[in-house]
There are 2 protein chains.
Amino acid sequence: MIFAMDASRPAEVVPIGRVHSSLVDPAEAPKQGHEGAPDARIEILPAFVEALDAIEPGDEIVLLTWFHRADREVLKVHPRDDPGNPLTGVFATRSADRPNPIGLHRVEVLEIEDDGWLTVPGLEAIDGTPVIDIKPVLEPPGF
Amino acid sequence: MIFAMDASRPAEVVPIGRVHSSLVDPAEAPKQGHEGAPDARIEILPAFVEALDAIEPGDEIVLLTWFHRADREVLKVHPRDDPGNPLTGVFATRSADRPNPIGLHRVEVLEIEDDGWLTVPGLEAIDGTPVIDIKPVLEPPGF
């Protein structure tokens, strides 16, 4: 590696929560949330519940997850696991296998409970997937 | 921490590249790219250039950065550093200070060179910011 992330502190990602879902087998998970993924509940760890303050039902958020089962050595894939698709650089795809296996999921908050549980629709992440960040959707020009 | 990210491997984020920009002082950086941020060049490290394959000029991408100077202990902020704004949970804001200081930047690829340098417009990340992932924008329903 040519440079360090930060000389004073390792760039370690910490889980702020976890996905609870009926999806348990990655092979059964849809490629994208709108392709028939089930609703999911998001457990935010007690230490981070305070950081949810001001999030309300109906808000559009971007949920960032860590695909903990991904292969981080993969640089090219056949998109959508279809061998008929030509090998493509992972940065041009949403493959979970990539150097830093971060997932982006744009969802609406359906419910939020005081103890830091969120309900969101159509999430393609499997049960147990660590959640590493939540951001508001910005529009315009946003995402 | 209640659970580990993965018992077999620490969840460490590795830089895949770095931002080169005329922005050097975080205090001078715009809050969002469309608020007058300069164009930037993105250096992708040689080990990861292969993963850019299929990205073309004109593509809309999401650049993920690691705000290496962020304060990861912060859970609430005054949005836009304005003390007149009420304290708000960081997950309801785009604050760089947050438990996992990941930045999302939606940009168009203006140029891409064979050696893995990208030119992108209006990026609010400062010079030297590590880049940790690149994803295609998905529409619809995407981001």
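**View 1. The salt bridge between K76(A) and D53(B) in the predicted model.** The side chains of K76(A) and D53(B) meet in a salt bridge at 3.6 Å, N to O, the term standing for a side-chain nitrogen of Lys or Arg within 4 Å of a carboxyl oxygen of Asp or Glu. Between chain A and chain B the count is four salt bridges. In this predicted model, local features need pLDDT of at least 70 and side-chain atom pairs count only at pLDDT 80 or more, whereas totals for chains, interfaces and linings use all residues. Residues are numbered from 1 along each chain as its sequence is written, chains are lettered from A, and side-chain values use heavy atoms, with hydrogens and water left out.

View 2. T88(A), in strand β5 of chain A (strands being DSSP runs of E, at least two residues, numbered from the N terminus), is buried with a relative accessible area of 11%, where buried means under 20% (1.4 Å probe, protein chains only). Leaving aside neighbours within four places in sequence, T88(A) is in contact (heavy atoms within 4.5 Å) with residues including K76(A), D53(B) and A54(B). A polar atom of the T88(A) side chain lies 2.8 Å from the backbone oxygen of P86(A).

**View 3. The contact between chain A and chain B.** The contact takes 62 residues from chain A and 62 residues from chain B. The area buried between them is about 6100 Å², of which carbon and sulfur atoms give 66%; this is the accessible area (1.4 Å probe) that the two parts lose on being put together, summed over both.

Key: Helices (H or I, at least four residues) and strands (E, at least two) are DSSP runs, numbered from the N terminus. Buried means under 20% relative accessible area, exposed over 50%, partly exposed in between (1.4 Å probe, protein chains only). A polar contact is a pair of N or O atoms within 3.5 Å; within protein, one must be able to donate a hydrogen and the other to accept it, and residues adjacent in sequence count only if both atoms are side-chain atoms.
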